[in-house]
Amino acid sequence: SVDGRFRIGTELKLGVVGVLVGLLTIPAFESLWTVWSTRDDASHGFIIPLITLYLIRRIWPELRQLPVRPAPGLGFLPVLGSLAGLLIGNTGSIVTLSGVSFITLSAGLALMLFGASWLRMLLFPLAYLLFMVPVFDSLLEPLQPYFQLLTATMAQTPLTQFGVPSYQAGTLLYLPTGTVEIAAQCSGVGFLISILAVGLPLVYLAL
């Protein structure tokens, strides 16, 4: 049927675009792989693309029913800017830039080739990919000192209740047997992103 051929053409277009985007973004994912492998607070990055694919697979029947209305005029600038970001990010080893550029490139291509209705439906899965990029570091870093202090206070409270002599000076705990420092890694700030990365898809699927 005409509708069947139309749908096959849409899926073929998606496949070709997916392969091309994959080839363009191999260097970006190689850099992201290094981040995921070397940082404990970024190891959740391995599962983010898989969860995104699962989210898209769940809405795929609805996507197939949407009209395909390409918007090349609206999508051209985002695609062009994303390609430039990928080039700069890959050349300069700027992981955050290349990772974000991959996401905006995917969004721009969805708009350019399939239309605004497709992009609206794909908005959450594509935005969720931000969790695989260390884009939140600059936002969380200023919070670390406050969370270190909070962690030190929470650690000293039970010590005092159990009668263990201790004295807190900032992020240092002085004990009879030595001194304990609450390091930045112990603040827990970095793992807030990991918790959100797991929690948001569960909320999205449940509600």
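**View 1. The whole chain, by confidence.** The mean pLDDT of the protein chain is 85, with 92% of its residues at 70 or more; pLDDT is the predictor's confidence in each residue, on a scale from 0 to 100. This is a predicted model, in which local features need pLDDT of at least 70 and side-chain atom pairs count only at pLDDT 80 or more, while totals for chains, interfaces and linings use all residues. Residues are numbered from 1 along each chain as its sequence is written, and side-chain values use heavy atoms, leaving out hydrogens and water. Confidence is lowest in helix 1 (residues 2-24), at a mean of 63, and highest in helix 6 (residues 116-128), at 94. Helices (H or I, at least four residues) and strands (E, at least two) are DSSP runs, numbered from the N terminus. Where pLDDT is low, the predicted coordinates should not be read in detail.

**View 2. Helix 4 and its two faces.** Helix 4 (residues 72-92) has 21 residues and spans 29 Å from its first C-alpha to its last, close to the 30 Å expected at 1.5 Å a residue; the expected span is 1.5 Å times one less than the number of residues. Look for its buried residues, Gly 75, Val 79, Ser 82, Gly 85, Leu 86 and Gly 89. They lie on the same side of helix 4 because they cover an arc of only 125 degrees around the axis, taken from the directions from the helix axis to the C-beta atoms. The face turned away from this buried side carries the exposed residues Gly 73, Leu 77, Leu 87 and Thr 91. Here buried means under 20% relative accessible area and exposed over 50%, with partly exposed in between (1.4 Å probe, protein chains only). Helix 2 (26-38) and helix 5 (95-114) are among the elements that cover the buried residues of helix 4. Just after the helix, Ser 93 takes a positive phi of about 55 degrees.

View 3. The three strands form an open sheet in the order 1-2-3, with antiparallel pairing. At its edges are strand 1 (167-169) and strand 3 (178-181), each pairing on one side only. From one strand to the next, the twist averages 25 degrees. Strands count as paired if DSSP finds at least two bridges between them. Three bridges link strand 1 and strand 2, and Ala 169 stands opposite Leu 172 in strand 2. These two strands form a hairpin with two residues between them, and Gly 170 in the turn has a positive phi of about 65 degrees. Four bridges join strand 2 (residues 172-175) to strand 3. Among the partners, Leu 175 meets Gly 178, while Tyr 174 meets Thr 179.

**View 4. Helix 8 and Phe 147.** Helix 8 (residues 144-161) lies across strand 1 and strand 2, running at about 170 degrees to strand 1; axes are lines fitted to C-alpha atoms, for helices over the stretch in contact, and angles run from 0 to 180 degrees between N-to-C directions. Phe 147 sits in helix 8 and counts as partly exposed, at 28% relative accessibility. Leaving aside neighbours within four places in sequence, Phe 147 is in contact (heavy atoms within 4.5 Å) with Ser 187, Val 189 and Leu 192.

**View 5. Helix 9 and its packing.** Helix 9 (residues 189-206) has 18 residues. Its buried residues are Val 189, Gly 190, Ile 193, Ser 194, Ala 197 and Pro 201. They pack against helix 3 (48-65), helix 6, helix 7 (137-140) and helix 8.
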